Amino acid sequence: MDIETLYRRWLFEVWYGDYSGVADIFTPGFVGHWPSLDVHGPQGVVDQIEQSRHFFDDIENTLDVGPLIDGDLIAARWTFRGSYREGIPGATAAPGTRIAFAGQDIFRAEGGRLAEYWVVSDGLGMMESLGALGG
């Protein structure tokens with residue numbers, strides 16, 4: 001599977017709750033570097049995405065730029081949209097509030113699968129949209 005297809009599956013299958021292909025997308029030794037933690041292996045990816053999905057319904061991702069591919073690296077800019085369920089500490093937004101925030105992904109592929117991940121996203125903007133910050 002080519003690296004662009006792997007990325008699109010990440011953004012439009014895994015983030016939509018379809019985990020059936022994670023073993024085909026991620027290496028067994030996958031490491032994902034989220035801002036506050038590292039995630040290991042395909043099951044670690046599923047656990048992290050499930051935790052994030054727990055707070056939102058009606059998730060819709062858009063691919064805004066890219067993916068840009070250079071050898072075994074792939075980068076893209078995306079926008080996440082979702083309806084807040086509740087449960088994020090400090091959030092005062094009512095359930096059903098629709099929010100959006102953007103971010104950038106960088107993946108490194110190895111052996112036809114994604115092996116390492118770095119993400120930068122507008123967590124501050126997300127928390128402001130949820131009423132957790134003054135603004």
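**Figure 1. The helices and strands of the chain.** Helices (H or I, at least four residues) and strands (E, at least two) are DSSP runs, numbered from the N terminus. The model shown is a prediction, in which local features need pLDDT of at least 70 and side-chain atom pairs pLDDT 80 or more, while totals for chains, interfaces and linings use all residues. Residues are numbered from 1 along each chain as its sequence is written, and side-chain values use heavy atoms, without hydrogens and water. The protein contains four helices and six strands. Read from the N terminus, their order is α-α-β-β-α-β-β-β-β-α. Along the principal axes, the C-alpha atoms occupy a box of roughly 45 × 25 × 25 Å. Of the 135 residues, 42% are buried (under 20% relative accessible area, with exposed over 50% and partly exposed in between; 1.4 Å probe, protein chains only).

**Figure 2. Helix 1 and the cap at its N-terminal end.** Helix 1 comprises residues 3-12, and its buried residues are Ile3, Leu6, Tyr7, Arg9, Trp10 and Leu11. The N-terminal end of this helix is capped by aspartate 2. A side-chain oxygen of aspartate 2 is found 3.0 Å from the backbone nitrogen of glutamate 4.

**Figure 3. Aromatic pairs around tryptophan 34.** The structure has 15 aromatic pairs (rings of Phe, Tyr and Trp, the last by its six-membered ring, with centres within 6.5 Å; planes under 30 degrees apart are stacked, over 60 edge-to-face and the rest tilted). One of them is formed by tryptophan 10 and tryptophan 34: the ring centres are 6.5 Å apart and the planes lie at 65°, so the pair is edge-to-face. Since tryptophan 10 belongs to helix 1 and tryptophan 34 to strand 1 (residues 26-34), the pair ties together parts that are 24 residues apart in sequence. Both tryptophan 10 and tryptophan 34 are buried. Tryptophan 34 also pairs edge-to-face with tyrosine 117, at 5.0 Å centre to centre and with 65° between the planes. This second pair links distant parts of the chain, for tryptophan 34 is in strand 1 and tyrosine 117 in strand 6 (residues 113-121), 83 residues apart. Tryptophan 34 counts as buried because its relative accessible area is 12%; for tyrosine 117, also buried, the value is 3%.

**Figure 4. A polar contact of glutamate 116.** Glutamate 116 is placed in strand 6. Its relative accessible area is 19%, and therefore glutamate 116 is buried. The side chains of glutamate 116 and histidine 33 are joined by a polar contact of 2.8 Å (a pair of N or O atoms within 3.5 Å; within protein, one must be able to donate a hydrogen and the other to accept it, and residues adjacent in sequence count only if both atoms are side-chain atoms).

**Figure 5. Distances in sequence and in space.** Alanine 94 is located in the loop between strand 4 and strand 5. With a relative accessibility of 44%, alanine 94 is partly exposed. Along the sequence, 37 residues separate alanine 94 from glycine 131, and their C-alpha atoms are 9.2 Å apart in space. A second pair of positions begins with leucine 73, a residue of strand 4. Leucine 73 is partly exposed, because its relative accessibility is 36%. Between leucine 73 and isoleucine 88, which are 15 residues apart along the chain, the C-alpha separation is 33 Å.

**Figure 6. Backbone geometry in strand 3.** Most residues other than glycine have a negative phi, and most peptide bonds are trans. Glycine 66 and proline 67 are joined by a cis peptide bond, with omega about 5°. Proline 67 is part of strand 3. Strand 3 also contains aspartate 58. Phi of aspartate 58 is positive, near 50°, although the residue is not a glycine. Aspartate 58 is exposed, because its relative accessibility is 56%.

**Figure 7. Glutamate 86 in the loop between strand 4 and strand 5.** Glutamate 86 is another residue other than glycine with a positive phi, here about 150°. At a relative accessibility of 52%, glutamate 86 is exposed.
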